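Please look over the sequence and the structure below before reading on. The briefing that follows starts with the surface and then turns to other topics.

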Amino acid sequence: MTDVPRVVLSAPSSGHGTGALSLGLLAALADRGLAVAGFKVGPDQVDAAYLGLAAGRPGRTLDPRLVGPERVGPLFAHGAAGAGLALVQGTMGLYDSVAGRPESESTAAVATALRSPVVLVVDVAAMGQSVAALVHGFRAYDEQLWLGGVILNRVASPRHETLLREALDDVGVPVYGALRRHELPPVLPARRHGAAPVVRGDAEAERGVRRLGEAVAATVDLDRLLTLARSAPALTVEPWSPDPADGPSDGPSDAAERPVVALAGGPAGSYSHPEAVELLRAAGAEVVTLDPLRDEALPAGTRALVVGGALPETYAEQLSANRRLCIAVAELARSGRPVVAEGAGLLWLARELDGLPMCGVLDAVGTVRDGLVVGYREATAVTGSVVAPAGVTVTGHKQHAAVLTPRAGDRPAWQWGGGTPEGFVRHGVHASQLVPHWAALPGVAERLVAAARASVAAPA
């Protein structure tokens with residue numbers, strides 16, 4: 001059971017400023033000395049990374065499609081433990097679902113599952129009294145949803161604000177803040193950089209989040225918002241645990257039995273979901289961060305490598321230029337030790353990408369194309385590996401512009417309906433652009449750590 005104060009921030013649709021306001025609220029409350037936690041509905045690890053930067057603790061995704069609706073509450077309770085406020089940033093519009101399953105996968109469904117009040121962020125730049133009809137409609141659409149109030153964004157003037165507040169007061173909807181058009185400026189690094197500015201601790205990302213916190217602190221009634229969050233009832237779920245099913249295991253103290261697993265990331269985090277890190281440690285691994293853009297060697301004693309799905313595709317030149325590390329990764333893979341690469345990690349293991357030499361672990365060539373491949377896949381493991389035994393079906397998410405030729409090796413990783421096999425399984429390597437959530441993959445960390453312990457040294 002958890003009684004952490006909580007609130008879900010959502011909007012009528014994308015583009016209303018929910019992301020900037022979520023970061024600003026977390027930063028403003030953290031600046032007050034309150035312990036806060038940030039979550040993102042859906043698969044977006046980039047937004048989650050920035051929420052973590054604002055909160056000062058790992059930001060996490062809550063994706064009913066990836067982990068199953070039954071795990072959303074437990075994962076929230078685990079990630080929010082010890083927080084004085086947990087903020088959940090919604091995705092798209094409040095009742096929207098990419099897969100057409102709003103009853104289980106929308107922001108509204110997550111808010112209902114968490115028994116959390118919702119604050120609707122509304123861009124009112126081209127709106128007057130109609131805001132009352134809009135918000136009333138959202139409140140009335142689902143009687144199970146608790147719409148606790150609104151925050152107005154892009155207000156034109158004091159007179160405009162007064163008009164909007166009066167209209168909402170007429171329908172009994174509290175207003176927790178109003179921001180002028182210039183008060184949420186685009187201060188964060190460009191989206192093409194993905195989670196890298198956060199993971200690497202770049203000053204621009206930190207400054208941007210701090211500026212958003214200052215803007216929100218000056219325009220939002222934080223005390224009233226906290227009162228709303230504290231009114232959320234206790235959530236009667238058992239927190240998710242990374243410990244193996246047969247009980248917690250910190251692993252032996254012998255370094256040979258507690259293998260070093262290198263995890264792609266930087267000084268402020270990794271490109272994997274936070275739960276993956278926790279699962280590896282609980283399975284007995286010593287997890288050491290490896291920055292593929294800066295570090296020229298693997299951590300001492302590395303016996304396995306994990307490259308998470310949030311590594312941006314746009315850093316191909318930097319990845320290619322780090323030749324010493326590319327050679328070290330290729331040697332690690334040739335030795336038979338486990339290498340798990342998700343998303344752009346697959347491209348890093350290829351022979352080349354757009355003419356740039358990569359690690360050469362896979363006999364494949366990558367090409368960046370116009371447009372993005374985005375969506376969920378119900379995938380079945382074609383070849384057994386540390387990620388999943390053959391025949392197991394998982395849900396993963398794909399978001400990439402680059403494609404590989406060939407799409408799969410002699411032993412593919414995955415197969416899904418309507419598509420040809422995808423990914424590569426070779427010796428200890430599992431590489432694919434599909435990104436699953438390890439909390440929904442039973443035993444993945446234990447299998448990887450066991451394989452790391454059993455791996456042999458590279459041949460002379």
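The accessible surface of the protein chain comes to about 18,400 Å², and 51% of that surface belongs to carbon and sulfur atoms; such areas come from the Shrake-Rupley method with a 1.4 Å probe, and for residues only the protein chains shown count as cover. This is a predicted model, in which local features need pLDDT of at least 70, side-chain atom pairs count only at pLDDT 80 or more, and totals for chains, interfaces and linings use all residues.

**Confidence**
- The mean pLDDT (the predictor's confidence in each residue, from 0 to 100) is 95 for the protein chain, and 97% of its residues reach 70 or more.
- Over residues 456-460, however, the pLDDT is below 50, and this stretch has 6 contacts (heavy atoms within 4.5 Å) beyond near neighbours in sequence.
- Where pLDDT is low, the predicted coordinates should not be read in detail.

**Overall dimensions**
- Along its principal axes, the C-alpha trace of the protein chain spans about 75 × 45 × 45 Å.
- Of the 460 residues, 57% count as buried, meaning under 20% relative accessible area with a 1.4 Å probe and protein chains only, whereas exposed means over 50% and partly exposed lies in between.

**Histidine 273**
- At 7% relative accessibility, histidine 273 counts as buried.
- Leaving aside neighbours within four places in sequence, histidine 273 is in contact with Gln45, Thr61, Val435, Pro436 and His437.

Notes:
Residues numbered from 1 in each chain as written. Heavy atoms only, no water.
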